[in-house]
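Have the sequence and the 3D view ready. This report looks at charged pairs first, then at a strand and its neighbours.

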Amino acid sequence: MLERLNQALDHIESRLDREIDVAEAARIATTSEYHFRRMFSALAGMPLSEYIRRRRLTLAGAEVLSGERTLLEVAVRHGYSSGEAFARAFRAMHGVGPGEARRTGAVLSSQQRMSFRLVIEGSSSMRYRIVHKDAFQVVGRKARVPLVHVGVNPAIAEFVRGIDQETTRRIKDLSDQEPEGLVAVTDDLAPDRAEGTELDYYHGVVTHAQAPADLDALAVPAGMWAVFEHSGQFPESLQFLWREVFTDWFPSNPYRTRPGPEILRVQPSSDGTRADATLWIPVEPAAA
C-alpha cells in the first residue's frame, strides 16, 4: 500500500506545473479518490490540497529568485489566474511578496517533497471486528460544527449542553440496536479533514424507529463497518484513535473507507478523565 501511495505522489510531483487529476493519482494508488484524500491527510498531517499548494509555491519560490521568467509567467505556470492571487498565496507561505523576494533575495520557506515509509514498532495491536449492518437511521439532534483535531470541541460541548434532559431521555429510548445508547455521529466531513472545516454532528441513537417530528434523522444504507474498541484518556486519546486507524490499520488490512457517517460510543469513567469507546467506520473491501 505504501509503495502505491508513493507512486501516486510521484505522479502528482511530475504535474505540479499543470492541472493535477487527483482521481488519476488515486487510481495509481489502487483506491478511490475519497479514500486517497483521507489516507493522505491522516499520514501526512495536512490535506492533499494544502500539500500540493505548498509544493507549487516552493517551486515557484525558486523560479522567482532565479529571475528567468516574469512574475506573471511564474504565477500562470503554477496555476494562478492573476498576479494578485499569486502574490497573496506567495506571501501567505513565504512571508514576503514575490516582487520583494526577487529584489532582495529574501529567505523563503520550503515544503519538502513527501514520501511514506514503514516504521516497524510492534508496540501495540488494535482490537477490531467487521460488522455487516442492514439500513438504519441515526435519530437525535443535529448541529453544523467546525472540526477540532485535539482537545474538547467547544461547539459540540455547547450544543450537547443545550439539549434538555427530557429530550435526551426520549432520544435514548429510541435506541434499539448496536451500537446501543447515545452516540456521537459525524457526517458530511470534507475529504481532507482540515482543521476548522465543518461537519454535521448528531447527538443521537442508532435505530429502526421512526423519528419524531421535532428530532433530526439521518438515513444510513446497509453496508460493512469496521468496529474498533479503545480505552484511554478522554478526549485526547479518542481523537488520536482516528489517526491510528488511518495510519496503522488501513495500510495493514484489505479494506478502504466508503462514504458514510462515523459513529462513536463513549462510556466515560466516573471522574471523566478516561473512557471506553467503540468507533464505527464505514468500510468496503479494497480493490485487488
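## Ground rules

A salt bridge is a side-chain nitrogen of Lys or Arg within 4 Å of a carboxyl oxygen of Asp or Glu. Side chains of opposite charge can pair when their charged atoms come close.

This is a predicted model, in which local features need pLDDT of at least 70, side-chain atom pairs count only at pLDDT 80 or more, and totals for chains, interfaces and linings use all residues. Residues are numbered from 1 along each chain as its sequence is written, and side-chain values use heavy atoms, with hydrogens and water left out.

## Salt bridges within helices

How many salt bridges does a search of the whole structure find? The search finds 20. One of them joins the side chains of Arg27 and Glu24, at 2.7 Å from N to O. Both residues lie in helix α2 (residues 22-28). They sit three residues apart, about one turn of the helix. Helices here are DSSP runs of H or I with at least four residues, numbered from the N terminus; strands are runs of E with at least two. Glu24 is partly exposed, at 27% relative accessible area. The cut-offs are: buried under 20%, exposed over 50%, partly exposed in between (1.4 Å probe, protein chains only).

Helix α4 (residues 48-66) holds Glu50 and Arg53, three residues apart. Their side chains meet in a salt bridge of 2.9 Å, N to O. Glu50 is partly exposed at 25%, and Arg53 is partly exposed at 26%. In helix α9 (residues 165-173), Arg169 and Glu166 are also three residues apart. Their salt bridge spans 2.5 Å, N to O. Arg169 is partly exposed at 41%, and Glu166 is partly exposed at 42%.

## A network

Which residues are linked in a network of salt bridges? They are Asp17, Arg18, Glu63, Arg69 and Arg77.

## Strand β3

Is strand β3 (residues 183-187) largely enclosed or open? Five of its five residues are buried, so β3 is largely enclosed by the rest of the structure. Val183, Val185 and Asp187 point one way from the strand. Ala184 and Thr186 point the other way.

Two strands pair if DSSP finds at least two bridges between them. β3 runs antiparallel to strand β4 (residues 198-207), joined by five bridges. Val185 stands opposite Tyr202 in β4. β3 also pairs with strand β8 (residues 262-268), in the antiparallel sense, over three bridges. There, Ala184 stands opposite Leu264.
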